[in-house]
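Here is a short note for a colleague opening this entry. Please read the points with the structure in view.

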Amino acid sequence: MRLRSPRHEETRGDRSGERGVTAVFLALWIIVIIGFVALGIDMSIHTKSRQNLWDTLDASALAGVSFLPDGDAAAQAALDYADANMPGLAPGIEFWCVVGRTASGNPDSSHIPAMCDPGPGPYTAGAYPGLECNDRMCLIPCNPFAPEFDVCNTMTVQAERDVIYTFAPVIGFNQGSTGVLTSAACKGPCGASILAPGDIALVVDRTGSMRPQDVSALQSASNAFLEGLDTSLHDVALGTLGRSNPSSTCPTRPSTSGSSGPWIPVGLTNDYDLTDNTPPDNPPNLNASSELVQGISCLTTSSTGTNLGDPIEAAGNYLVANGRPEAADGVVFMTDGEANEPFGSGNCNYAETKALGVKSLGVIVVTIAYRLQGVDCEGTPATTVLADMASDPLSGVPTADDGGDGPLGLPGGCATPPSISSENADGDLFFCAPDPGQLAAVFHAASGAILAEFSDRTLLIRPPS
């Protein structure tokens with residue numbers, strides 16, 4: 001019979017103890033890991049809940065501020081939107097008059113009552129408790145209700161929500177809070193100037209169907225468009241149909257490819273005008289050294305087809321990515337042709353879909369149909385496609401293609417002198433020009449329309465605190 005040595009027994013006992021200690025440590029580590037996983041999941045829930053609340057407050061503020069100066073309608077719209085998206089949410093609402101700030105750090109009283117009217121001066125914290133200023137704007141408390149009936153241009157929407165945790169109760173945390181969140185939205189000019197700032201992408205067609213006289217008229221109309229803007233308020237970018245292949249002498253030199261080269265060859269700039277006179281200089285007195293002015297002056301026809309969808313999408317995305325946060329965004333889009341790219345068919349619907357996406361970003365779209373009377377776009381008048389691509393104005397009638405007879409018996413505008421006059425005076429954001437001689441007047445009308453939209457637009461702001 002073989003006997004085990006004491007040494008063997010001692011080693012076995014030590015190993016059993018080690019396994020026991022390892023099991024205890026493993027159990028503890030599992031608990032720790034579960035705790036971290038629970039915290040991670042619930043932190044994600046917390047972050048998502050906070051963002052959802054902020055998104056709801058942003059949208060509620062925008063929904064309400066569009067009704068100002070009617071305080072009752074503005075408050076009800078904000079509350080209705082908040083409750084519809086987060087049942088039971090009843091945010092606190094306050095109204096303000098937002099004006100510019102003077103060099104001395106006080107509210108700019110010259111903006112009252114042009115921007116808003118919170119009541120009589122002096123506009124000091126003593127007279128208006130709660131007044132705050134930052135380096136650009138001042139918020140003055142404003143009461144749109146009786147008996148004051150102040151004219152307010154801004155509202156803040158504030159709320160806090162509890163966040164119920166799913167796993168963290170295991171380690172003793174049942175719920176948290178989003179904290180108090182505040183969103184602010186303003187209507188019209190909001191700060192530095194009584195006129196609303198805006199970033200504009202001017203997108204023009206220079207494809208093969210544009211004759212030399214058409215390109216010349218386009219250049220003159222584009223220059224007049226720039227002359228009518230204010231360099232202190234309006235930054236402008238230039239886009240082209242088709243794409244460009246910029247050179248050292250011409251930023252809008254045509255690309256020979258439908259798939260390479262920028263749609264927006266000239267970025268936002270405000271160096272285009274030498275004298276901002278009122279009324280504008282005629283002929284325009286522009287800055288010849290400006291890349292934007294140079295890009296217009298060297299426009300030549302492109303050999304590519306007409307793609308309407310991709311360039312309008314590129315213009316909208318460019319503005320959202322590069323525009324100033326305090327400025328409204330707008331695209332003025334002119335074409336003389338029906339969409340025939342980038343696919344074999346479905347190009348017109350594609351253009352409308354892309355324009356819809358741009359408008360959903362909050363970008364105002366103004367469209368100009370040039371020499372498109374009687375032109376068909378895959379069974380629909382090309383003028384109707386352009387009208388559908390345009391935004392509806394913030395006030396007035398929805399944008400539409402009015403009057404006239406289109407191809408294939410379809411109704412369409414821009415076909416007869418009466419329908420052209422009616423279309424360009426109906427207050428919407430679609431315009432038409434049947435010949436080169438009318439292009440400058442139509443660009444002028446489009447400029448007035450988009451500047452009016454900037455003055456009526458609503459936007460989120462970051463108020464002083």
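**Notes on the fold**

1. Start with one pair of residues. Cys 133 has Cys 138, in E3, as its bridge partner. Keep in mind that this is a predicted model. The two strands involved are E2 and E3 (residues 137-141), which pair in the antiparallel sense over two bridges.

2. Now widen the view to the sheet. Six strands form an open sheet, and the pairing is antiparallel. Their order is E2-E3-E1-E4-E7-E16. Which strands lie at the edges? They are strand E2 (132-133) and strand E16 (458-461), each pairing on one side only.

3. Turn next to the interior. In soluble globular proteins, nonpolar side chains tend to be buried together. Here the largest nonpolar core has 39 residues. Leu 226, Val 332 and Phe 443 have the most contacts inside this core. Several elements each supply at least two of its residues, including strand E8 (198-205), helix H3 (212-227), strand E11 (328-335) and helix H9 (439-456). Which element gives the largest share of this core? H9 does, with seven residues.

4. Look closely at Val 332. Leaving aside neighbours within four places in sequence, Val 332 is in contact with Ile 200, Ala 201, Leu 202 and Val 203, among others. Its contacts also include Phe 225, Val 366, Ile 368, Ala 446 and Ile 450.

5. There is a second, separate core of 32 residues. Among its members are Ala 237, Ala 355, Val 365 and Cys 414.

6. The axes of helix H5 (residues 309-322) and helix H6 (residues 347-360) come within 8 Å and cross at roughly 10 degrees. Angles under 35 degrees count as roughly parallel, so H5 is roughly parallel to H6. On H5, the contact is made by Gly 309, Asp 310, Ile 312, Glu 313 and Gly 316. On H6, Tyr 350, Ala 351, Lys 354, Ala 355 and Val 358 take part. By class, this contact has five nonpolar, two polar and three charged residues.

7. Last, the overall picture. The protein has nine helices and 16 strands. Of its 465 residues, 45% are buried. Among contacts with a separation of 6 or more, 72% join residues 24 or more positions apart.

How values were computed:
Residues numbered from 1 in each chain as written. Predicted model: local features only at pLDDT ≥ 70, side-chain atom pairs only at ≥ 80, totals over all residues. Heavy atoms only, no water. Core = buried A, V, L, I, M, F, W, Y, C linked by side-chain atoms within 4.5 Å. Buried < 20%, exposed > 50% of the residue type's maximum accessible area, 1.4 Å probe, protein only. Helix = DSSP H or I, 4+ residues; strand = E, 2+ residues; numbered from the N terminus. Contact = heavy atoms within 4.5 Å. Pairing = 2+ DSSP bridges. Axes fitted to C-alpha atoms, helices over the stretch in contact; angles between N-to-C directions. Parallel < 35°, antiparallel > 145°, perpendicular 65-115°, else oblique. Nonpolar A, V, L, I, M, F, W, Y, C, P; charged D, E, K, R; others polar.
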